[in-house]
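Work through the exercises below with the sequence and the structure open. Each task is followed by a solution in steps.

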Amino acid sequence: MTGTAQAPLLRMRGVGKSFLGVPVLRDVDLQVRAGEVHALVGENGAGKSTLMKILAGVHRADAGTVELGGARVDFDHPVRAREAGVATVFQEFNLLPERTVAENVFLGREPRGRGLRAGVDARAMEEETGRLLEELGLTALSPRTPVRALSVAEQQIVEVVKAMAQSARIITMDEPTAALAGAEVELLYRLVRRLQERGTAVLYVSHRLQEIFDLSDRITVLKDGALAGTVDTGATGHAGLIRMMVGRPVSAVFPPKAEGTRTGGVRLEVSGGGNRWLDGIDLRVRAGEIVGLAGLQGSGRTEVAHALFGIDRFTRGELRIDGERVAVRSPRRAVRSGLALVSEDRKTQGLALHRSVLDNGRLVLDAVMPLRSRERARRLPGLFSSLELVARSPAQEVRFLSGGNQQKVVLAKWLAAAPSVVVLDEPTRGIDVGAKHAVYTLVRRLAAEGAAIVLISSELPEVIGLADRVLVLRDGRIAGELPGGAAEESVMGLAVGAAPARAGGEADR
Amino acid sequence: MTATGVPGTLRRTGAALAGGGSGTVYALLALVFAVVFAINPSFAQPPSLLAFAQQAAPLVVLAVGQYLVIVAGELDLSVGSLVGAQVVIAARLIDGQESATLPVLLLMVAFGAAVGLVNGLVTTVLKVPSIIATLGMMLVLYGAVRLWTGGAPTGALSEAFRTAGRGDAVELPLLGGVPWALLIAAAAGAAAVALMRAPQGRTLVAVGDNATAAAFSGARVWRVRTLAFVGSGVLATLAAILIGGFAGVTAQVGEGLEFSAITAVVLGGVVLGGGRGTVVAAIGGALAVEALFTLFNQLYLPSTIQPAVQGLIIIAAVAYASRERSRRSPRAPADAGGPEKSPREEV
């Protein structure tokens, strides 16, 4: 840990913020030192984003003070914050896909040549970008590559380099790993550590406890808009941190199998399934069984879900549901055949954000079975309450709900259609601890009711803890099968194609 | 699910009047009528109001059709040309024979549906943006009609045909004659309201809001959108029947109506791009546009001012809506400070 002796780089004191009279932050203190990785955690709705946005100049605090490097600041615009050395890497990137890495890094601040070369000095831009990339130990990335050719992780790097080029003193990252997996996460870890070595402070907002413990020096916990405390990472553990976040101990992270869960006949069967991305997919899921699909990003997990659901269908092989051969050519056919897909990205694939909770809950019924929609929609209020959905009313637009509650609406939408096979693709991504628990409980209950479940997740403990069997994908093929509760190292070993697990990153979780 | 309380209600009412959502259009409608009544008190008499309803009926019908397309995330620029083409077709084919009325009406409905089908398929299957696809259709119809008639419409409409647009259905004591056009427009509006409350209507709006989510939920997006265009084509035909009856046959009939309809719909707070707004507000928008034109007449303003005013309304309404939208949805809405606690609700 560096810089413990000196005054903090950032000191927020007594920060308060209300929206239309409702307080969302009350008297919050936050101190971040230079060269420190400081994690900011809390359930959805705890006020993390609001605090971040006050720091970034998006919102202005109603109360309290913000000091940067000992001087009092009051940002009334994001540009002011950036000029003062506060950079924010949001979940959605602000990069221009058709421009090169260097052009993006210098967007709006392009260096100019002189005299006859009075235009943008491309070479200077590229050299400077290359220097910064080198400083981060990322020589593989060329400043001349167009951004559209980059992976999500690499785009994130570009965002960070952009922040560095503006000589940021503190970089805030909002759920930086939400879209990453495996090796990409390791890349981000390295990046954060490099920034730390340079003396840049990193404020790291994440739901993933493992990352927080791997990376951070200190952790600030927010709960219901107030400060629950700041602790040294070394002085606390998972259980202690969860207690601070939710104010109660979480008994067991994964609920046990529901009573009366019996494994029945095969409900979903794929033999020799393949398409552009997949090959030789053999998959059998019985009633009451939870089968996990693990693998690195790009290994074909989501592609399997999409193939099952007719979005990018299997062009080879056979698909049977309850023993009957079906040709799932479209999501509509999939729904008709008894399938449900809780898709990876609920905002772009799961919800009509400007529609009400109730309308979204009825989406599948309305679209696929309009004649029975009214009758089946009667189940929705019961489903909402059994999922412990928190909304102002069923007429509230879903875009105003937190991530966890939005996910519950997606789940309710599918449950209303009473599916026999449920495919969940990253069902807990970006949602808080409480909502995760609700998802786990639901998965168990569905299994107990005789549904066949396919669970896809980048969070290994989740797959291992919930599934009866885990299939590991690699390069569009099934690399192997492991029983539930297998060691994370063995799953990773299959996923990366090396029998013994590597050191670092995922393996030492 | 907390109660909002009196201040919240007051604030919302005030905000609705000041502008935002569909509340604005009703406030505007009331305001325009108040001014018209003030200038010309006799306008408040039932006969004048019924005459107004008769005159406004075609635009109401067109606005309902345009609403179906706009809420599904598309735009139909071809309706004005289609109205013109239908009136000319009717006049030429009927040519004054009463017996030809019904077959020609059926043919017109089929033609309107076919135009909508082509618009829809070109947009959804050939993936031509609807603004271009229907702009093309607008020019095709415009040119084809002139080619077919040699520039000037020929023939005549039958009396039976013209009844819908200018005749009265019943004679009521006190009120006077209730025009067919009012009943037809009301029926079209009621049918649209019923549709929008049905599963099919909700799917239509969901497609406009998020086509991917709708498709992943099992909706056939291309079919839903194509049907919206077909609905627009059929309703434009209905409008053509009303307009032909009301105003007769001219070469200019239908010109500019697509913009009047779009103005009406956006004034009703139905956001271009789809997924928001109600059909009732779109109808309110049509009435407000028509009332505004009436006001201009009362003020003896030249009718040539109408397109300019429509243009201003479209720009202002859409600018207002997008300003609202960008203000309401922050750039990184994920985990935006506990929305169930932070009241970024309808303001």
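**Exercise 1. Decide which residues of helix α1 of chain A are buried, and what follows for the helix.**

Step 1. Go through the helix in this predicted model: K48(A), S49(A), T50(A), L51(A), M52(A), K53(A), I54(A) and L55(A) are buried.

Step 2. Apply the cut-off: a residue is buried if 20 or more other C-beta atoms lie within 10 Å of its own.

Step 3. Draw the conclusion. Because 8 of the 8 residues in helix α1 (residues 48-55) of chain A are buried, the helix is largely enclosed by the rest of the structure.

Step 4. Look past the helix end. α1(A) is followed by G57(A), which has a positive phi near 80 degrees.

**Exercise 2. Describe how strands β19 and β20 of chain A are arranged.**

Step 1. Find the sense of pairing. Strand β19 (residues 469-474) and strand β20 (residues 477-483) of chain A pair in the antiparallel sense, over 6 bridges.

Step 2. Identify a bridge: R474(A) has R477(A) in β20(A) as its bridge partner.

Step 3. Examine the connection. β19(A) and β20(A) form a hairpin with 2 residues between them. In the turn, D475(A) has a positive phi of about 50 degrees.

**Exercise 3. Judge whether the radius of gyration of chain A agrees with a compact globule, and describe the chain as a whole.**

Step 1. A compact globule of 509 residues would have a radius of gyration near 23 Å, and chain A has 24 Å, so the two agree.

Step 2. Take the composition. Chain A holds 19 helices and 20 strands, and buried residues make up 51% of its 509 residues.

Step 3. Turn to the contacts. Of those between residues at least 6 apart in sequence, 68% join residues at least 24 apart.

Step 4. The assignment gives domain 1 (10-246) and domain 2 (263-338 + 421-427 + 456-509), whose C-alpha centres lie 34 Å apart.

Definitions and conventions:
Residues are numbered from 1 along each chain as its sequence is written. Chains are lettered from A and ligands numbered from 1 in the order in which they are written. This is a predicted model: local features need pLDDT of at least 70, side-chain atom pairs count only at pLDDT 80 or more; totals for chains, interfaces and linings use all residues. A residue is buried if 20 or more other C-beta atoms lie within 10 Å of its own, exposed if 12 or fewer, and partly exposed in between; C-beta atoms are placed from the backbone. Helices (H or I, at least four residues) and strands (E, at least two) are DSSP runs, numbered from the N terminus. The radius of gyration is taken over C-alpha atoms; the globule rule is 2.2 Å times the number of residues to the power 0.38. Two residues are in contact if their C-beta atoms, placed from the backbone, lie within 7 Å. Domain bounds come from an automatic or database domain assignment. Two strands pair if DSSP finds at least two bridges between them.
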